Amino acid sequence: MFIKKLPLIMLAITALYFSACKPKNTGTAVSGDAASKVYVAPGKYDEFYNFVSGGFSGQLAVYGLPSGRLLRVIPVFSVDPEKGWGYSEETKPMLNTSHGFIPWDDLHHVEMSMTNGVADGKWVFVNGNNTPRLARIDLTTFRTAEILELPNSGGNHSSPFGTENSEYIVAGTRFSVPGDDVNGDVPIDTYKENFKGHISFVSVNKDNGEMNIAFQLKTPGVNFDLARAGKGKSNGWFFFSTYNTEQANTLLEVNASKNDKDFIMAVNWKKAEEYIKAGKGKKQAVKYAHNKFSEETHTATSEIKNEVTVLDVAEYPDIVYFIPCPKSPHGCDVDPTGEYIVGSGKLAALLPVFSFDKIQKAIADKAFEAEKYSGLPVIKYEAALYGEVQKPGLGPLHTEFDANGNAYTSMFVSSEVVKWNIKDLKVIDRQPTFYSVGHLMVPGGNTKKPFGKYLVAYNKITKDRYLPTGPELSQSAQLYDISGEKMKLILDYPTIGEPHYAQAIPAELIKDKQVKIFDIKTNKHPYVAKGEGETKVVREGDKVHVYITAIRSHLTPDNIEGIKMGDEVFFHVTNLEQDWDVPHGFAIKGANNGELLVMPGETVTLKWTPDRVGIFPFYCTDFCSALHQEMSGYIRVSPKGSNVPISFKLGVKKTDSIPAAK
Ligand code: RUQ
Ligand code: CUA
């Protein structure tokens, strides 16, 4: 109602206002004992691992909490020369898609694998927003183990969100688009007829984590923003926030903000699963990549798959129910009991809290609006509503929970974190953020058993907090102590990329499960050299395979001759070390590629095409011992057609030259 009646000029003002404001007291707002709360003494460990999305960096960063110390950056949808990710031959297939090699994506959300509604520390799932993909990171190696492309999708934003036992990781499309199996060459203003939403239910293998698209739900064409699975009593249901239910295709800023209410879409996924089991889904021809990294061969494979099973919700009206939710809801969060569903309408002046019991009753009583939405039932707002939090703040985005019945909502426009009670819906406390907070995170705050204690605000704009760094300033996280009635800001720390969502897990759950080395004896890489005696240089036409080993402090072989212009050289570097944290690196002059960083017991390959005749040094890039600077070698490149034979050696051990294979 409210915005509908406003003239366009007012809308423009609203939009301006929505773009953020700076809180008044941007000074130091920390209290006296803050330092002792975040101080982790040298040699001591943090209490939590915090996995923070890197946004448009395509990476996932791991911080310790409460110190805010950066522990690791994990490349996911990115190439990373530090780790050779996307540069080595073994990792390139991880970034393959139906569009070819895509070395970048926009990583927004983080979801830990769960058992009984609590994070179990096995895997972290993340979304690629741009070219729709899901990734799984293994928490024993802190490396990306799997990437699955999602067909029928355009902008994988409402993703990834998991069920109580990670039966499914669910991914909703941000942009509705014509399905992949139909002719998409249609006028853009035929959105209403031709554009469809798709939600992917991706199954997760309990033992090895492997993902597969179990089925997709085809929905009306809207934008899906975020989602949460039900839990406890609402396990079996899923809740998605939607916007652009106006189905606009241009100037969304205005045209997708017209309706007084958009919807939370409630999905009975157990029902959908039953229909799928009964064979009701339709097989559809699509094309998507499924990429897996094997820790046995230390190599990724990419498979293009061609089929997905789709259930059209329009044909099964007892799967999907729409619940009106004020003004373009962003976050859609379910409390630890599973009873309360909070919709954060980013343009709304209140926060609606829906009741799962009331939703069930409304469905049983058919308390629906007279008008359906795209042929699907719309539950009456009042029939689903538990109550509204009045005047919570401006621009609510996301809500997390503690173990004591409190909710915490981020307010983008008024730049604050607001604590309120779930039962009486009264605001208890509000603390400024510095500023324009997007996501917030309470350790376990999305699960059945929140740990509470801390809250981290991930801010979109961070002026005045750190030393300035040119036109772009550092992104920021802010840590609050939430153990008392009032929240207390205790630390600021910069983040990499743009932080979106994050989750944290007690360090105890994973710190002793880390892979320390790869057993060289079980290395199944086809080009492994399990000892210096197995090193060799093999010519196969104009491809040359160099089996090379690294151990403190030499590379074997370190003198290589017989390479010719026009050759493609593959350096297969095996790290022979069997000690924790002794990687060796490998780089060669003129390689238009990254370095390699090879873990103990692992084999990794660098492809190099020499571009000129001469002597090319190569060396270990990781300072591995006092004689690291000695860990180097030379390769000689001769003109095409030269008769210099292949030869290689280390020290006096002149190795036999191996004649050309073909
Ligand atoms: S979003 S700032 Cu991409 Cu998760 Cu809400
Ligand atoms: Cu090996 Cu430096």
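Which ring does the charged end of Lys-261 sit over? I looked it up in this predicted model: the ring is that of Tyr-381, with the charged end 4.5 Å from its centre. I also noted Lys-536, which lies over the face of Tyr-547 at 4.7 Å from the ring centre.

Next entry, ring pairs. I get a count of 31 aromatic pairs. I picked out Tyr-49 and Phe-142: their ring centres are 5.7 Å apart and the planes are at 50°, so I log the pair as tilted, since that angle falls between the 30 and 60 degree cut-offs. The pair links distant parts of the chain, 93 residues apart, with Tyr-49 in strand β1 and Phe-142 in the loop between β8 and β9. Tyr-49 has 13% relative accessibility, so I put it down as buried. Phe-142 has 9% and counts as buried too. I also wrote down a cluster linked by ring pairs: Tyr-168, Phe-201, Phe-215, Phe-224, Phe-238, Phe-240 and Trp-269.

Then ligand 1. I find histidines in its surroundings, including His-108, His-109, His-157 and His-330, along with Lys-460 and Leu-226. Strands β6, β24 and β28 each give two or more residues to this shell. By class, I have two nonpolar, eight polar and one charged residues there.

Last, I followed β28 into its sheet. I see an open sheet of four strands in the order β28-β29-β30-β31, with antiparallel pairing. The edge strands are β28 and β31, and the twist averages 25° from one strand to the next. Inside the sheet, β29 and β30 pair over six bridges, and I noted Ser-476 in β30 as the bridge partner of Asn-459.

Technical notes. Residues numbered from 1 in each chain as written. Chains lettered and ligands numbered in written order. Predicted model: local features only at pLDDT ≥ 70, side-chain atom pairs only at ≥ 80, totals over all residues. Heavy atoms only, no water. Near = heavy atom within 4 Å. Nonpolar A, V, L, I, M, F, W, Y, C, P; charged D, E, K, R; others polar. Pairing = 2+ DSSP bridges. Axes fitted to C-alpha atoms, helices over the stretch in contact; angles between N-to-C directions. Phe/Tyr/Trp six-rings, centres within 6.5 Å; stacked < 30°, edge-to-face > 60°. Buried < 20%, exposed > 50% of the residue type's maximum accessible area, 1.4 Å probe, protein only. Lys NZ or Arg CZ within 6 Å of the ring centre and 35° of its normal.
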